[in-house]
Amino acid sequence: MSTSLKVMKYAFFDLMRSRWVLIYTLFFLAATGGLLYFGDDAAQAVLSTLNLVLLIIPLVALMLGMNHYYYTRDFVQLILTQPVSRPSVFLGQYAGVALPLATAFVVGTGVPFVVYSLTHRIDAGLVLSLLGAGALVSLVFTALAFWLGLANEERARALGLALGVWLALTVVYDGLVLYFIVLAQAYPIEGAVMAASVLNPIDLSRILVLMRLDAAALMGYTGALFSTFLGSTTGALVALAALVVWVAAPVGFGLLAFRRKNF
Amino acid sequence: MDGHARPAGVSRVAGTARLMALCALAALSCGAALARTLTVCQGGCEYGSVRGAVAAAVDGDTVLVEAGTYREGALVIDKAITLEGEGWPVLDGELRHAIVTVEADYVVVRGLVLRDAGRSHITDIAALRVAEVSDCLIENNRVENAFFGIYFAKSSGCVVRGNRVTGEGTNEAYTGNAIHLWGTNYLTVEDNYATGYRDGIYLEFARGASVRRNVSEGNLRYGLHFMYSNESVFEDNVLRANGAGVAVMYSKKIDMHGNTFADNWGAAAYGLLLKEINDSVVTRNTFEGNSAAVYVDGSNRTDLTRNDFIRNGYALRVLSNSMGMRVMYNNFIGNTFDVVTNANRSYNSFLENYWDAYEGYDLDRDGVGDLPFRPVRLFAMTVQSYPQAMVLLRSPLSQVLDYAERVLPVITPKAIEDDRPLMGRIVWSSSTP
């Protein structure tokens with residue numbers, strides 16, 4: 001474990017040296033601060049930031065994660081000549097990138113809301129669900145970046161794949177869901193639609209925020225779909241399990257690929 | 001609105017005049033003291049039972065009931081007396097009886113607790129029933145756990161004021177309404193509180209009713225429900241968290257202002273359902289946190305002005321069978337969808353509202369946006385056709401759809417357009433007409 005921490009420390013300092021994380025944090029600070037200052041409406045600011053969470057964070061996590069992976073490949077090969085376990089090196093690398101990214105978002109977005117809450121009343125649950133969603137998306141997509149990097153020797157190919165994954169999960173997936181709904185409208189597809197949204201981490205994090213933001217509208221459709229399911233203990237457990245799986249699965253696959261890889 | 005309120009007042013004045021005339025007549029014929037007070041209590045008074053005192057009373061007398069619990073079955077008041085409680089006496093219906101029935105004109109019922117009235121699937125048993133009378137006053141009573149609370153049939157000129165009607169209904173089919181008006185003329189219902197019934201306030205064929213400052217919340221079906229009640233006025237009521245919100249139907253010349261419709265959640269819950277409401281005015285109301293704030297179905301020439309629509313699922317659902325509606329000077333703030341409809345055409349006008357979703361600009365700085373605003377989003381229309389698509393709410397895809405539709409409008413109705421969207425929220429005082 002201490003190897004993990006050491007590797008994580010190196011990865012962290014590498015990331016800091018590149019200043020990308022700093023720029024990333026400042027971007028969120030400026031965006032959220034600006035939205036709150038000029039819009040003066042916490043719910044509206046959450047809504048706008050949600051768009052960043054759904055589009056920008058996955059892209060940045062994929063790009064930065066992949067960049068870091070290729071940048072440190074030689075360094076990793078060097079470490080692996082030492083008597084250290086491969087999982088600890090991989091987990092250290094992953095945590096060294098994923099945690100700063102998630103923290104950058106939480107700090108960059110959270111601080112303006114905290115400052116705003118000193119003078120205004122805000123829905124803490126709404127902001128927390130937004131921060132949680134953003135952090136989750138950061139963790140998931142950094143893991144996907146590492147996995148894609150490990151699976152592809154060639155950097156350009158991995159970048160192309162990453163863009164494809166990003167587009168697929170943000171827009172194409174939803175398009176297919178909509179297409180399915182239009183096709184199968186006459187059938188009781190509520191359960192299938194719900195399952196489809198839980199299966200995509202971006203959709204899942206969006207719905208978790210919407211549960212608080214648009215509760216009235218969601219109740220208006222069928223209580224069965226959202227409130228009864230996600231509102232119930234079972235639903236909350238399923239959502240939580242899906243979140244854990246969405247972080248654990250890409251990390252696990254990455255770990256597997258890392259162990260087997262012949263450097 | 002004054003034009004509507006006045007007939008009720010006129011009628012009440014006329015009623016009082018008639019009452020005075022009657023009293024004068026009684027005084028002449030009897031030559032006795034006009035009004036006696038018959039006191040009822042459980043031990044040591046003139047009368048030991050309410051029934052006995054009512055039987056002994058003549059027109060104009062007061063039956064004063066002191067604190068205690070009275071189990072006397074069904075009481076019928078068939079003369080013009082005042083039945084008044086002191087220290088909240090309880091008339092217990094033992095879950096079997098219609099507790100008080102008023103069958104004479106000019107009756108006053110005040111300060112009583114009517115508890116545990118009977119229930120029936122066959123007849124409408126009420127804790128307090130007023131049938132075919134005029135000019136009664138039902139004031140400051142508490143009705144607890146009844147089938148129907150206060151029930152008016154074919155009566156006119158009565159006032160129901162300051163009553164608290166509470167129930168524990170759990171099943172729509174086996175619960176009546178808290179305050180029920182049927183076939184009445186010019187009744188006034190004010191400052192009452194209703195909760196736990198099927199409908200909080202129910203009016204059917206209640207012409208010229210004035211319903212004001214009532215609070216109706218937590219009822220199983222509607223907080224306020226009326227039909228065939230022309231020329232009625234609803235002002236400053238609070239209708240909150242009822243099973244299906246408020247439904248008003250098949251009436252004309254209705255004036256609804258200053259009411260609050262809030263927290264009515266559900267697939268078929270409406271802040272305000274306007275079903276065939278014609279030539280009416282809905283103004284200065286607040287709609288907050290409802291699944292659908294206003295649902296308009298077959299209503300013509302009805303004005304929606306100066307209302308606040310805040311954080312509703314749908315602010316306005318206007319079916320295309322409504323014509324000549326004017327939607328003006330309203331604030332639309334933080335709603336998931338501002339306006340949806342079910343067809344590509346619309347014969348209603350939208351003008352000078354404040355829409356927080358408006359993205360235009362105001363170059364000449366006159367407070368009015370230079371570009372028109374189209375409040376119907378393509379994604380909202382999609383959800384109308386495919387309700388399951390709600391799962392994609394606020395997804396990047398839905399925004400792409402909305403953007404594409406804004407650039408090349410083909411599906412959303414072009415007619416629903418605010419040509420003069422305001423740049424800032426409209427602020428008005430309670431005295432604004």
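Colleague: Starting with Asn353(B), does it count as buried or exposed, and at what relative accessibility?

Modeller: In this predicted model, Asn353(B) counts as buried, because its relative accessibility is 0%, and buried means under 20%.

Colleague: Where is the place of Asn353(B) in chain B?

Modeller: Asn353(B) is placed in the loop of chain B between β38, which covers residues 347-351, and β39, which covers 354-355.

Colleague: And which backbone oxygen does the side chain of Asn353(B) reach?

Modeller: The side chain of Asn353(B) reaches the backbone oxygen of Val327(B), at 3.0 Å. Once neighbours within four places in sequence are left aside, the residues in contact with Asn353(B) are Val327(B), Met328(B), Tyr329(B), Asn330(B) and Phe332(B), together with Asp418(B), Arg420(B), Pro421(B) and Leu422(B).

Colleague: Switching to charges, how many salt bridges are there over all chains?

Modeller: The count comes to 27 salt bridges over all chains. One of the pairs is Asp61(B) with Arg36(B), whose closest N and O atoms are 3.0 Å apart. That pair links distant parts of the chain, since Asp61(B) sits in the loop between α2 (50-56) and β2 (62-65) of chain B, while Arg36(B) sits in the loop between α1 (2-30) and β1 (37-40) of chain B, 25 residues apart.

Colleague: Is Asp61(B) buried or exposed, and how does Arg36(B) count?

Modeller: Asp61(B) is buried, with a relative accessible area of 0%, whereas Arg36(B) counts as partly exposed because its relative accessibility is 37%.

Colleague: Which side chain meets that of Glu190(B) in a salt bridge at 2.9 Å?

Modeller: That is Arg161(B), and the 2.9 Å is taken from N to O. Here too the pair links distant parts of the chain, with Glu190(B) in strand β17 (residues 188-190) and Arg161(B) in strand β14 (residues 159-161) of chain B, 29 residues apart. Glu190(B) is buried, at a relative accessible area of 8%, and Arg161(B) is partly exposed, at 26%.

Colleague: What about Glu190(B) and Arg213(B), how far apart are the closest N and O atoms there?

Modeller: The closest N and O atoms of Glu190(B) and Arg213(B) are 3.8 Å apart, and the two residues form a salt bridge. Arg213(B) lies in the loop between β20 (210-212) and β21 (215-217) of chain B, 23 residues from Glu190(B) in strand β17. Arg213(B) is partly exposed, with a relative accessible area of 40%.

Colleague: And which residues do the salt bridges that share partners join into one network?

Modeller: The network consists of Glu84(B), Arg110(B), Glu139(B), Arg161(B), Glu190(B), Asp191(B), Arg212(B), Arg213(B) and Glu235(B).

Colleague: OK, on to the interface: how many residues of chain A are in contact with chain B, and what area is buried between chain A and chain B?

Modeller: On the chain A side there are 32 residues, in contact with 27 residues of chain B. The area buried between chain A and chain B is about 2500 Å², and carbon and sulfur atoms give 70% of that area.

Colleague: How many salt bridges and how many residue pairs in polar contact are there between chain A and chain B?

Modeller: The count of salt bridges between chain A and chain B is zero, while five residue pairs are in polar contact, with both residues at pLDDT 80 or more. The elements of chain A that give two or more residues to the side touching chain B are α3 (42-71), α7 (155-183), α8 (190-199), α9 (201-213) and α10 (215-220). Of these, α7(A) gives the most, with eight residues. By class, the side of chain A that touches chain B has 21 nonpolar, seven polar and four charged residues.

Colleague: What about chain A itself, how many helices and strands does it have?

Modeller: Chain A has twelve helices and zero strands. Its C-alpha trace spans about 60 × 50 × 35 Å along the principal axes, and 48% of its 263 residues count as buried. The radius of gyration of chain A is 20 Å, which agrees with the value near 18 Å that a compact globule of 263 residues would have. Among contacts in chain A between residues at least 6 apart in sequence, 82% join residues at least 24 apart.

Colleague: Last one, is Tyr37(A) buried or exposed, and where is its place?

Modeller: Tyr37(A) is exposed, with a relative accessible area of 65%, and its place is in helix α2 (residues 20-39) of chain A. The C-alpha atoms of Tyr37(A) and Leu136(A) are separated by 26 Å, the two residues being 99 residues apart along the chain.

Conventions
Residues are numbered from 1 along each chain as its sequence is written. Chains are lettered from A and ligands numbered from 1 in the order in which they are written. Side-chain values use heavy atoms; hydrogens and water are left out. Contact means heavy atoms within 4.5 Å. Buried area is the accessible area (1.4 Å probe) that two parts lose on being put together, summed over both. A salt bridge is a side-chain nitrogen of Lys or Arg within 4 Å of a carboxyl oxygen of Asp or Glu. A polar contact is a pair of N or O atoms within 3.5 Å; within protein, one must be able to donate a hydrogen and the other to accept it, and residues adjacent in sequence count only if both atoms are side-chain atoms. Helices (H or I, at least four residues) and strands (E, at least two) are DSSP runs, numbered from the N terminus. Ala, Val, Leu, Ile, Met, Phe, Trp, Tyr, Cys and Pro count as nonpolar, Asp, Glu, Lys and Arg as charged, and the others, Gly among them, as polar. The radius of gyration is taken over C-alpha atoms; the globule rule is 2.2 Å times the number of residues to the power 0.38. Buried means under 20% relative accessible area, exposed over 50%, partly exposed in between (1.4 Å probe, protein chains only).
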